[in-house]
Number of protein chains: 4
Amino acid sequence: MHIGLIGLGRMGGNMRARLRDNGITVTGYDPNPAVTDVPTIAELAQAVPGPRVVWVMVPAGEITTGVIRDLADALDEGDLVIEGGNSKFTDDAVHAGILTEKGIRYMDAGVSGGVWGKENGYGLMVGGDAADVERALPVFDALRPEGPREEGFVHVGPVGSGHYAKMVHNGIEYAMMQAFAEGYELLEKRSDLIHDVTGTFAAWQRGTVVRSWLLDLMVLALKDDPKLAEISGYVEDSGEGRWTIEEGINNAVPLPAITASIFARFVSRQDDSPAMKAVAALRNQFGGHAVHKA
Amino acid sequence: MHIGLIGLGRMGGNMRARLRDNGITVTGYDPNPAVTDVPTIAELAQAVPGPRVVWVMVPAGEITTGVIRDLADALDEGDLVIEGGNSKFTDDAVHAGILTEKGIRYMDAGVSGGVWGKENGYGLMVGGDAADVERALPVFDALRPEGPREEGFVHVGPVGSGHYAKMVHNGIEYAMMQAFAEGYELLEKRSDLIHDVTGTFAAWQRGTVVRSWLLDLMVLALKDDPKLAEISGYVEDSGEGRWTIEEGINNAVPLPAITASIFARFVSRQDDSPAMKAVAALRNQFGGHAVHKA
Amino acid sequence: MHIGLIGLGRMGGNMRARLRDNGITVTGYDPNPAVTDVPTIAELAQAVPGPRVVWVMVPAGEITTGVIRDLADALDEGDLVIEGGNSKFTDDAVHAGILTEKGIRYMDAGVSGGVWGKENGYGLMVGGDAADVERALPVFDALRPEGPREEGFVHVGPVGSGHYAKMVHNGIEYAMMQAFAEGYELLEKRSDLIHDVTGTFAAWQRGTVVRSWLLDLMVLALKDDPKLAEISGYVEDSGEGRWTIEEGINNAVPLPAITASIFARFVSRQDDSPAMKAVAALRNQFGGHAVHKA
Amino acid sequence: MHIGLIGLGRMGGNMRARLRDNGITVTGYDPNPAVTDVPTIAELAQAVPGPRVVWVMVPAGEITTGVIRDLADALDEGDLVIEGGNSKFTDDAVHAGILTEKGIRYMDAGVSGGVWGKENGYGLMVGGDAADVERALPVFDALRPEGPREEGFVHVGPVGSGHYAKMVHNGIEYAMMQAFAEGYELLEKRSDLIHDVTGTFAAWQRGTVVRSWLLDLMVLALKDDPKLAEISGYVEDSGEGRWTIEEGINNAVPLPAITASIFARFVSRQDDSPAMKAVAALRNQFGGHAVHKA
């Protein structure tokens, strides 16, 4: 099989490598001449035999929408576009609409696995029509981890559902990370009692209820830097976590642990908290409690 | 009526003044010679006519317990001790036990009002026997705010219940402060839209659902320093908030808003969050996301 | 002054009464013939002398937008529309746009006070141009509570800011209600110790840090029904709370207490929690813990 | 090696089987005659060659303390007791004290693995002196999972630290379960989009960031009962989660996700929420909002 792949950054570049390793011919396009296989999307369209399959793996938002528009021009009726970026699920209806007008098929794919995916394979959640899923199955099989297909790949539902499932996956991921982080802080705080924090995390890797890949990564991080002395507690968040809460709110689904994990990240990026200034000001007002000067 | 008052710090000193203003004779004792009326507790016992009423207003914990022990020695059977400090309700059984052995009566009193209490009166929640409450009523009436007695005073239940009610009061107070603080941060953040944050808080003082004394204090604080530029977002917490959560846990009562307000204070005092270091480390491990160096 | 008022439901009807009581002539329109003063919006436009001021007080969303469109047809250049419903602040730009095309002025007003506003006056937060605020000041003065204008009225900023401030007000209100509710549950749970829950709330009305209108209402509710036996713990939420969280998320402002209060409402409306079914299922899987059959 | 094992319930019985399978001779005692090897603890002491190692695996609290007292009588100087139950870490000092008086050694062991431990091995976290750890290593090696020792076993620190680490492990576990549960509820709610919830969870088992044993169990549970229709959302909690929060509070460590997971369990067990009754009552008071009758 021969497909097109647009976007050869950290994720896309690794995916091209894995696809090729697993027998898929890939013509890749990226605006960066150092990594691209062809100079333009038009030439990508010429290189890939029709009916084409083209995977899009570029930053979510306007850039993805721009590429979708370019593909609406460059591709032909019956071609299939798979949008695998970190897009919001509501974008998929827009992107599908742009392509459907030209008779081009559309699927969305949520992709998990980060920098380890090249070696371990990528967890894939796809949304679209069954016939399109069937058609792209060799691509999915090349990207997904070894083992039973259903343990690393799912056809979730209609267009948009792949990104939706990925969004929820990331919401869960945030809360799991927060869970380990809270446990870490408590163990670290009680160093009078816990003489081997790294060893404690390491010992949870087999037999325990919390064993998980994130735990394995926590152990790697602690072996590297047992006090996390080199790292600042400043944490970015990507869109998926925010969208998960938005969906919780829109659907009246309580998400206290996931929301706590996002709010903790917001706080982590503040030099000083306006809210806590207000609390300090109030305490000073009613109780004459001393404040710390800014 | 003539009572003894032990502890003449910020709270006790103000209470002595209010009691005297309202016709109660007070003999006060404090280790600080600059404020005390008598040099020792023994002399306080001599000065106050029996059967005595002695109010204790010293820091909670060992200091209060020490004073209770001193009073067990200095007072006589039939005297009444009212412990009005910020004690944990579980201390009251201990203190009552120490005094009861000598036939001395015991009540606990939760006192709210802060530095404004001298002028406005103190909200009082007391625990003990009805006969003891009756006996000390002139003291309570002198301390409580003007207006109907039941709007500033309550006999909550048996010994310990006054401090329990005060503990819950403070838990509620924490969450109310957090509520205003969160609203403040959001208004402040959207200064593109909210051109008058102080004016907005001020306008909530009449007619709205959120009108409250804490709101009035927020307005005072903002009028003083509209950006809270002079104040750091570093907030202490006293025991009552922690005990409230402990009680929630012990009684399977969910307290998410109160707990959020305590946790926000914990975070406010951290230079860097060990938990968020762990989250940053995990993100770096799985996604190759850049970390901020400590 | 003579204004038009569209919407004569619970809020609008009370506002008409208060406006008239305070010397404003009001021509009201409502589709309900039992309450309306004129049969159509067109006749309202005829009745109100120009340049007109028309207050809109109808359900937020499509109904409000429909009325705005009707007013774009019925009114003339230089007239002023004040939209006082529970609209999302992002709707204001749309509504202003519809009217501005016709040269009609637009302001938004957040209104707080509920069913008590008729008697106590309404807290008002308005967004728009200073000249329009000036022009409508007699209307605001008639609606707002007695006392200094700045304690019940604010010109927050540009169009949209009035509804924004009202949204934040309601977010704060949610968390304050949750604060009292959590305290209530804890006091109620410890009825072994707290013999007078109603009396405890009542005693907080004067002198304490938590004194507030919501506390007064809590006392009224408990005096009516001390165990709240007649009432189910099923709580709706209106849009403002959700929008507040959405804004928190969009602006990276942590809102843990406000969010906790919304999530508690979501849970209150569930017969059974899908999430807790999942937790029960997991515990059963790993620990063989018995589950409760549905 | 030949050891004594007290407590042959679900956990202890499985552990006896695993120990024997791995070459440890075990004399087990349980009050239940159907499972015990010896009729009394005294006879267990006779059967096990000295210096003895005796593992205690009975319900935490008074029962464990009772067994410790019995062992203080039945054992000899130089024997070693390993307390592996779900005890609070603060109990360990008490238990160590009881035994140390008689010259008996004491270690605590946190044990994770549930009903799967018999087959997979148990994650072990132990607290005590290095010499005692060394002495009991064959027991730990028999119980722990196959693979590198440090991935299923850790000497955490002094007496109490094993149970402390297990407590933190369980706190993390609670939040991880809550994370999956929240994700489940959102996916389930959007069944319009998510046509295959079970398949989505299954597909996360390989390659994704959330892969974990709890995820595997979630998949097993959903394959059994895809809608969790047979199970009620009523969830007990054991002490470890509560103690974790207590420790967070005592050490000023914010634990929002862990706490959210405990509070969700508290709510899951309520027929009606007193707190939400209070919120409903307040809304009714200020807004005239209809309440649901109890």
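Where in chain C is the place of Ala252(C)?

Tutor: Ala252(C) lies in the loop between helix H10 (239-250) and helix H11 (256-268) of chain C; helices (H or I, at least four residues) and strands (E, at least two) are DSSP runs, numbered from the N terminus. Although Ala252(C) is not a glycine, its phi is positive, at about 55°. The model is predicted, so that local features need pLDDT of at least 70 and side-chain atom pairs count only at pLDDT 80 or more, while totals for chains, interfaces and linings use all residues. Residues are numbered from 1 along each chain as its sequence is written, chains are lettered from A and ligands numbered from 1 in the order in which they are written, and side-chain values use heavy atoms, with hydrogens and water left out.

Another loop of chain C, between helix H2 (41-47) and strand S3 (53-56), holds Pro51(C). The peptide bond from Gly50(C) to Pro51(C) is cis, with omega near -15°. In chain A, a cis peptide bond joins Gly50(A) and Pro51(A), with omega about -10°, and Pro51(A) is found in the loop between helix H2 (41-47) and strand S3 (53-56) of that chain.

A rotation of 180° with 0.0 Å of shift along its axis superposes chain D on chain C, with an RMSD of 0.0 Å (least squares on the C-alpha atoms of residues with pLDDT of at least 70 in both copies). The two copies are therefore related as by a two-fold rotation axis. Within chain D, the C-alpha nearest this axis belongs to Val267(D), 4.2 Å from it. The same surface serves both copies, since 100% of the contact residues of chain D recur in chain C; contact means heavy atoms within 4.5 Å.

Across this interface, 53 residues of chain D are in contact with 53 residues of chain C. The area buried between the two chains is about 4,800 Å², of which carbon and sulfur atoms give 66%; buried area is the accessible area (1.4 Å probe) that two parts lose on being put together, summed over both. Leu282(D), Gln285(D) and Phe286(D) supply 15% of the area that chain D buries against chain C, more than any other three residues.

Chain C is also superposed on chain B by a rotation of 180° with 0.0 Å of shift along its axis, at an RMSD of 0.0 Å. There, 100% of the contact residues of chain C recur in chain B.
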